[in-house]
Amino acid sequence: MWEARARRLVALAGHAGDEETARAGLTDEATTVRAASLGALARMDRLATTDLVAALADPARDVRRRACELSLGQPDVDLRRMLTDPEPLVVEAAAWAVGERCDRSAVDALAQVTRDHPDPLCRESAVAALGAIGDERGLPAILAAQDDRPAVRRRAVIALAPFQGPAVDAALERARQDRDWQVRQAAEDLTDEPTER
C-alpha cells in the first residue's frame, strides 16, 4: 500500500513540476518508486546525466531498464555496457535506445548481442538497432541473423534496408524463399518483387 502511494506521489510530482518530491524518490527502497522518479524527472526535463548514470548501476533491473529508455535523448550517457547486462529486459531496452540514437560506437556490442545472446528478444532488438544505425560493420551480424528464429529473421531482412551489394542481394533472395511468410513478405517489401505464397 505504501509503495503504491509513494509511486503515485512521485508520478504526480512529475506532472506538477515538483522536482524535490520527484528527486527524493530516486533513493526510495522500492524499485517501482525509483523507476517512477526517473520518469517524473524526465517529464519535467530535470533528469540529469548523473541521475541516469546512477540508475544504470541500480541493483533493480526495472530501474536499469527505465534508465536505458530515458537515455534516448542523452547521447552522452554510454549504454554499451548495458548491452552485456545479465537481465535480458535491460539488454533489449539498451539495444533499442542505441539504435534510436544511431550510436555508431555501439555497433560492435550490438553485433555481439545479435550473434550470441541467448534471449531471442535481445537478438531481435540488436539486429533492428544495427539496421537503424546502418553502419557497414554491423552487416555481417545482420546477415548471420538470417539463420535465427523467424522473428529475428524478419528483423534482419528489414535491417538490410540501408545496405547494398551482392551479399545483401543474395540475403534478400534467400529471404524471399524463407519458410516463414512474414520473412518472405519483408523481403518482397524491400525488393518490390512478389514472392510465391
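**Pockets and a buried aspartate**

Tutor: Helices α6 (88-100) and α8 (120-133) each give at least two residues to the lining of the largest pocket. The model is predicted: local features need pLDDT of at least 70, side-chain atom pairs count only at pLDDT 80 or more, and totals for chains, interfaces and linings use all residues. Residues are numbered from 1 along each chain as its sequence is written, and side-chain values use heavy atoms, with hydrogens and water left out.

Student: What makes a space a pocket, and what a cavity?

Tutor: Both are sets of points on a 1 Å grid over the protein atoms alone. In a cavity, a 1.4 Å probe fits but cannot get out. A pocket is an open set with protein on both sides within 12 Å along at least five of seven lines. Lining residues have an atom within 4 Å of a point. The largest pocket has about 160 Å³ of space, and the largest cavity about 40 Å³. Each volume is the space filled by probe spheres set on the points, which are joined across faces, edges and corners.

Student: Which residues line the largest cavity?

Tutor: They are Gln146, Arg153, Val157, Arg174, Ala175, Asp178 and Val183.

Student: Why is Asp51 called buried?

Tutor: Buried means under 20% relative accessible area, exposed over 50% and partly exposed in between, with a 1.4 Å probe and protein chains only. Asp51 has 11%, so Asp51 is buried. Asp51 sits in helix α4 (residues 49-56).

Student: What makes the Asp51 and Arg23 pairing a polar contact?

Tutor: A polar contact is a pair of N or O atoms within 3.5 Å. Within protein, one must be able to donate a hydrogen and the other to accept it, and residues adjacent in sequence count only if both atoms are side-chain atoms. The side chains of Asp51 and Arg23 make such a contact at 2.9 Å.

Student: Is Asp45 buried or exposed?

Tutor: Asp45 has a relative accessible area of 69%, so Asp45 is exposed. Asp45 lies in the loop between α3 (31-43) and α4. Its phi is near 60 degrees, a positive value in a residue other than glycine.

Student: Why is Cys102 called partly exposed?

Tutor: Its relative accessible area is 41%, so Cys102 counts as partly exposed. Cys102 lies in the loop between α6 and α7 (107-116).

Definitions and conventions. Helices (H or I, at least four residues) and strands (E, at least two) are DSSP runs, numbered from the N terminus.
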